[in-house]
Amino acid sequence: MEPEETTQGHATNLAQSAASKLSQMGERTKQLGNVVIQDPVRKNRIILVIVCTALLLDNMLYMVIVPIIPDYLEELQKAADQAAQALAPHTNSTNSTGHIVPKGNFDLQIGVLFASKAILQLLVNPLSGTFIDRVGYDIPLFIGLNVMFLSTLIFAFAENYATLFLARSMQGLGSAFADTSGIALIADTYTEEAERSKSLGIALAFISFGSLVAPPFGGVLYQFAGKRVPFLILACICLIDGILCLIVLKPYANRERENMPVGTPIYKLMIDPYIAVVAGALTVCNIPLAFLEPTIANWMEENMHSSQWEIGMTWFPAFFPHVLGVFLTVKLAAKYPHLQWFYGAIGMVFIGASSCTVPACKTFGQLMIPLCGICFGIAFVDTALLPTLAFLVDVRHVSVYGSVYAIADISYCLAYALGPIAAGQIVHDLGFVQLNLGMGLANVLYAPALLLLKNVTQMKPSFSERNMLLEDGPTGLYDTIKMEQREKKRKGLCTTIDENGIETFAQRSHSEEESSGGEYA
């Protein structure tokens, strides 16, 4: 009897000790979050790290399957064929051959699997943009990270096509929330144009790095460690990023969203001519990359007799000119901010010229030059036009960025949804040369449309938060807070943070709401 009581007492002590340690960890986590929140500069930097990590993970997961899934599906098909042949003596010959999938069908399955992420993201983005405008940026970002974490785990343990398709579609759902809210959060956090361009440029560099480093990362780990390892590594990073988001942003404790105004509906943003021009440019400039990714490997095998390592490293060198393009655009935008439209037009001409020269390449080294040119041009277009979207919302609509960056995400997804499905058919019917000439010509012809954005920056001195084209005047406490914050920044003042991590100007604006409303009136 005594040994049993001793064991129970020991178990009780262990439970109490574990509860005490968990409580201490919770307090330390809370203190860490408060310390971060009390320093606005540090908080903004950590927000940028959280968003950039989310974008990196999303694009790595998007591209890491390129060297893994076709080979893995082929192994599954071979196993199914062997099982069918083993059952052949017990069934008739007609039934035994029903498991064999023709190569055309197999390629279609891979194309649909690759495109399913972009297609679902394309369908969900209009809803996610409206949701982000209503509840703020932190909750959708946290939801997106959780969905991406689950989809990565499903990828790791999936053993059939249906489960892989579910995981890929779930990634599209998570991306619709995480990508859109993350970019919108950067635009909302960094309100000055120079800071905003620099921060969005950093985010684009992470997107590029994730897309270009993922295929060699996934291929090496798949060959030496198996299918699950690359996905489990990405899942662990996603979990850490989600915990950091929970600590710093405190998505379920932030009350500022109660004072947020209702953002401009997404359909009104879509018919804004300036936003429509930017969205069209983002789609057109990404078409060469989206259409070349699923077709260039076969073309290299047929025309260059390239080895597998050359095919695997096709896009990796393009990362460096992409980063260079981001750096140059940020520097030029800081010095000549009124020429953002011109930087985008130059990028589209670069993309068009590079795309037209791809079919003329005869060696792997020659091919690197136009591919680097395409990524360099995309860096110019994205880095110049993404901040322009936030600026257009500031001066023509409500300064809530969920829907406008959902439109940007729709523009990207439109290109990447069509690529895996349509590119192969176009090459089959018209040829690889005609595909590249068409994509290049489309970019060159679209570049002059960016002239419509030439006078956009002239709106800035007159309109800070909303344009007079908006029928309803500024309403809601959130507008008052944002206007006061930006006015203080212009005067060289900074907001103070109390011990609870709350900005004092936000609290003071409760008592000044009437006077602010009078100023608006």
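Modeller: Helices here are DSSP runs of H or I with at least four residues, numbered from the N terminus. This is a predicted model, so local features need pLDDT of at least 70 and side-chain atom pairs count only at pLDDT 80 or more, while totals for chains, interfaces and linings use all residues. Residues are numbered from 1 along each chain as its sequence is written, and side-chain values use heavy atoms, with hydrogens and water left out.

Colleague: How many cavities of 30 Å³ or more are there in the whole structure?

Modeller: The search finds two. A cavity is a set of points on a 1 Å grid over the protein atoms alone where a 1.4 Å probe fits but cannot get out, and its lining residues have an atom within 4 Å of a point. Grid points are joined across faces, edges and corners, and the volume is the space filled by probe spheres set on them.

Colleague: What volume does the largest cavity have?

Modeller: About 610 Å³. It is lined by 30 residues, and N59, I207, N286, Y412 and Y416 are the closest to its centre.

Colleague: Which helices each supply at least two residues of that lining?

Modeller: α2 (40-64), α5 (103-135), α7, α8 (193-225), α11 (273-292), α16 (364-396) and α17. The biggest share, six residues, comes from α17.

Colleague: And how does the lining of the largest cavity divide by class?

Modeller: There are 17 nonpolar, seven polar and six charged residues. Nonpolar covers Ala, Val, Leu, Ile, Met, Phe, Trp, Tyr, Cys and Pro, charged covers Asp, Glu, Lys and Arg, and the others, Gly among them, are polar.

Colleague: What about the second largest cavity, what lines that?

Modeller: L57, L61, M148, T152, L234 and C238. Its volume is about 30 Å³. α2, α6 (138-157) and α9 (228-248) each give at least two of the lining residues. That lining has five nonpolar residues, one polar and no charged.

Colleague: Now the packing. At what angle do α7 and α17 cross?

Modeller: Roughly 125°, with the axes of α7 (residues 161-189) and α17 (residues 402-429) coming within 9 Å. Axes are lines fitted to C-alpha atoms over the stretch in contact, and angles run from 0 to 180 degrees between N-to-C directions. α7 and α17 are therefore oblique to each other; under 35 degrees is roughly parallel, over 145 roughly antiparallel, 65 to 115 roughly perpendicular, and the rest oblique.

Colleague: Which residues make the contact there?

Modeller: S175, A176, D179, T180, I183, A184 and A187 of α7, with G402, Y405, A406 and D409 of α17. Contact means heavy atoms within 4.5 Å. The classes are six nonpolar, three polar and two charged.

Colleague: How do α7 and α8 pack?

Modeller: Their axes are 9 Å apart at an angle of about 155°, which makes α7 roughly antiparallel to α8. I183, I186 and A187 of α7 meet R196, S199, L200 and A203 of α8. That contact has five nonpolar residues, one polar and one charged.

Colleague: Last pair: how do α15 and α18 cross?

Modeller: At roughly 160°, and the axes of α15 (residues 340-357) and α18 (residues 432-446) come within 7 Å. That makes α15 roughly antiparallel to α18. On the α15 side the contact is made by M348, I351, G352, S355 and C356, while residues of α18 include L437, G440 and V444. This contact has eight nonpolar residues, five polar and no charged.

Terms used:
On a 1 Å grid over the protein atoms alone, a cavity is a set of points where a 1.4 Å probe fits but cannot get out, and a pocket is an open set with protein on both sides within 12 Å along at least five of seven lines; lining residues have an atom within 4 Å of a point.
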